[in-house]
Amino acid sequence: MTLRIERGQGGIRLSGELRVGNLDQVKTEIERCESPVVLDLEELDLIDLEGVRFLNGCEAKGVSILHCPPYIREWMLLERGRQKEHSEL
């Protein structure tokens, strides 16, 4: 399965798999949206490490993430902790 991106009044809905090869496309869609940007991840099934880092970067820039699957949210938190540890070294 690939990534499906749907734009609506409430923001951007991502469905399927978010992988490093899709990030430029998602960035482009975010840039086209008016602020505040909202990403709905309710139908996101699979993600890779770069996708997790991308979502962390989005949140750091003020993008809201809705309906994030628990395993993705947990991975995002773990990755933030790792990046913080590396920046303190």
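What follows covers the cysteines, then the salt bridges.

A quick word on ground rules: this is a predicted model, where local features need pLDDT of at least 70, side-chain atom pairs count only at pLDDT 80 or more, and totals for chains, interfaces and linings use all residues. Residues are numbered from 1 along each chain as its sequence is written, and side-chain values use heavy atoms, with hydrogens and water left out.

Cysteines, then. With a disulfide taken as a pair of cysteine sulfur atoms within 2.5 Å, the count is zero. The sulfur of Cys58 has its closest cysteine sulfur in Cys33, but that is 11 Å away, too far for a bond. Cys58 is buried at 6% relative accessible area (buried is under 20%, exposed over 50%, partly exposed in between, with a 1.4 Å probe and protein chains only).

Now the charges. Count a salt bridge whenever a side-chain nitrogen of Lys or Arg is within 4 Å of a carboxyl oxygen of Asp or Glu, and you get 13. One of them joins Arg32 to Glu29 at 3.2 Å; both sit in helix α1 (residues 23–32), three residues apart, about one turn of the helix. Helices here are DSSP runs (H or I, at least four residues), numbered from the N terminus. Arg32 is exposed at 52%, while Glu29 is buried at 13%.

Glu59 and Arg80 pair up at 2.2 Å, N to O. Glu59 belongs to helix α2 (residues 49–60) and Arg80 to helix α3 (residues 70–88), so this bridge ties together parts 21 residues apart in sequence. Finally, Arg13, Asp40, Glu42 and Glu43 are linked in a salt-bridge network.

Technical notes
Helix = DSSP H or I, 4+ residues; strand = E, 2+ residues; numbered from the N terminus.
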